[in-house]
Amino acid sequence: MASLRTPTVQNPSLSPSSKTRLPCATSSSNNLRFSPAPHRRLIIVSSSASSNKSTVLVAEKFGEAGIAASRKPTVLVAEKLGEAGVELLRKFTNVVCEYNLSPEELCAKISLCDALIVRSGTKVTREVFEASGGRLKVVGRAGVGIDNVDLAAATEFGCLVVNAPTANTVAAAEHGIALLAAMARNVAQADASVKAGKWQRNKYVGVSLVGKTLAVMGFGKVGSEVARRAKGLGMHVVAHDPYAAADRARAIGVDLVSFDEAISSADFISLHMPLTPATSKILNDETFAKMKKGVRIVNVARGGVIDEEALVRALDSGIVAQAALDVFTEEPPPKDSKLVQHEKVTVTPHLGASTVEAQEGNKIMVKC
Ligand SMILES: O=C(O)[C@H](O)COP(=O)(O)O
């Protein structure tokens, strides 16, 4: 049985309903049922986490019968997605998969497309919407963060932006925990050392996690899963999130505290907030100065939430003992980046959502 989860419309002013979540279709076995919204034309690529089967539904203006009669919409898939979802999408749309497009190439192709599907690596700028000449009706973000899409321009050009808010949760949380443990035990550095022919047992003495305080900054889907796992490792977990409910935190044994209390009490800080004007460079010289000397930082959220130059200063001064980073202000970061090359820093190339399961389970709902 394929189950459809509800994606989130990111610019809901374009939604026919005032709600940001659109329960448009349900599926039971092979029997597809559409909600009574005949004016809607939907393209939904979805998959059930339990069955790992992707489903594509296309409902035309007057229901399923309209699909055959209509022109098939053209969907540009600009980054690699799970193959099963793309295959199903092909049944109902003209799918064009073109990866690693330059901004100019994307602009050149977009005027022929009704929908665009991206991950975090494609910048969907105002220029893209301008170049589409109004044909682009929906941008599907196969993942969570939509900071790579110019939402104001999308709204102005009448284009919906939808994301898949839950597909990557576990993958991102697991990667956060993987980086936390790998950083504490110098796994990457020790691995490189052994491969270079060395045997430096004294150099790579680590620190334990048990009994340490972890501050989870951003207690949403990923943050709360990280907290749950960290509790299982015997850590004391506090969290800061201006929007989280205290009882939800309490239910998993986490104290919600103020930003300053979280960062000043933590032995480890794990970042899980979206990149917004309010969170941009939220870790900076001023906030590093409030941290415990020797704090360790994990970032699987967005590079832009850290002032990277300030982090290098904090690493050099010893305020921050180590950092493990999956995300960077500029991706890929410059080869000579002091931060990436820093010996106290462990890095991965934005792999938070990159598990087989997360990519197969990823779902995109595109509403035209
Ligand atoms: O926002 C997300 O969903 C994650 O950062 C993963 O991004 P990705 O789809 O580019 O791997």
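**Exercise 1. Locate Val-340 in its helix, then list what it touches.**

Step 1. Val-340 sits in helix α13. Helices here are DSSP runs of H or I with at least four residues, strands are E runs of at least two, and both are numbered from the N terminus.

Step 2. Know your model. It is predicted, so local features need pLDDT of at least 70 and side-chain atom pairs count only at pLDDT 80 or more, while totals for chains, interfaces and linings use all residues. Residues are numbered from 1 along each chain as its sequence is written, and side-chain values use heavy atoms, with hydrogens and water left out.

Step 3. Leave out residues up to four places away in sequence; Val-340 then touches Phe-328, Pro-333 and Val-347. Contact means heavy atoms within 4.5 Å.

Step 4. Now take Glu-308. It is 32 residues from Val-340 in sequence, and their C-alpha atoms are 9.9 Å apart.

**Exercise 2. Which peptide bond is cis, and where does Pro-332 lie?**

Step 1. The cis bond joins Glu-331 and Pro-332, with omega at about -10°.

Step 2. Pro-332 belongs to the loop between β16 and α13 (338-341).

Step 3. Compare another loop, between β14 and α11 (285-288), which holds Lys-281. Phi of Lys-281 is near 50°, a positive value in a residue other than glycine.

**Exercise 3. Describe how α6 and α8 pack.**

Step 1. Recall the method. Two packed helices are described by the angle between their axes and the distance between the axes.

Step 2. Apply it. The axes of α6 (residues 169-184) and α8 (residues 221-232) come within 8 Å and cross at roughly 50°. Axes are lines fitted to C-alpha atoms, for helices over the stretch in contact; angles run from 0 to 180 degrees between N-to-C directions.

Step 3. Classify the angle. α6 and α8 are therefore oblique to each other. Under 35 degrees counts as roughly parallel, over 145 as roughly antiparallel, 65 to 115 as roughly perpendicular, and the rest as oblique.

Step 4. Name the residues. From α6 come Thr-169, Val-170, Ala-172, Ala-173, Glu-174 and Ile-177; from α8 come Lys-221, Val-222, Glu-225, Val-226, Arg-229 and Ala-230.

Step 5. Sort them. The contact of α6 with α8 has seven nonpolar residues, one polar and four charged. Ala, Val, Leu, Ile, Met, Phe, Trp, Tyr, Cys and Pro count as nonpolar, Asp, Glu, Lys and Arg as charged, and the others, Gly among them, as polar.

**Exercise 4. Give the strand order of the seven-stranded sheet.**

Step 1. Read across this open sheet: β13-β12-β11-β14-β15-β16-β17, with parallel pairing. Two strands pair if DSSP finds at least two bridges between them.

Step 2. Find the edges. β13 (255-256) and β17 (345-347) each pair on one side only.

Step 3. Check one pair. β15 (residues 295-299) and β16 (residues 320-325) run parallel, joined by five bridges. Ile-297 has Ala-323 of β16 as its bridge partner.

Step 4. α8 lies across β11 (213-217), β12 (236-240) and β14 (268-271), at about 170° to β11.

**Exercise 5. What is the pairing in the six-stranded sheet?**

Step 1. The order is β1-β10-β9-β8-β6-β7 in an open sheet, and the pairing is mixed.

Step 2. The edge strands are β1 (8-9) and β7 (94-97).

Step 3. Helix α2 (residues 83-92) packs on this sheet, touching β6 (74-77), β7 and β8 (115-118). Its direction makes about 140° with that of β7.

Step 4. Look at β9 (residues 138-141) and β10 (residues 160-163): they pair in the parallel sense over four bridges. Val-138 has Leu-160 of β10 as its bridge partner.
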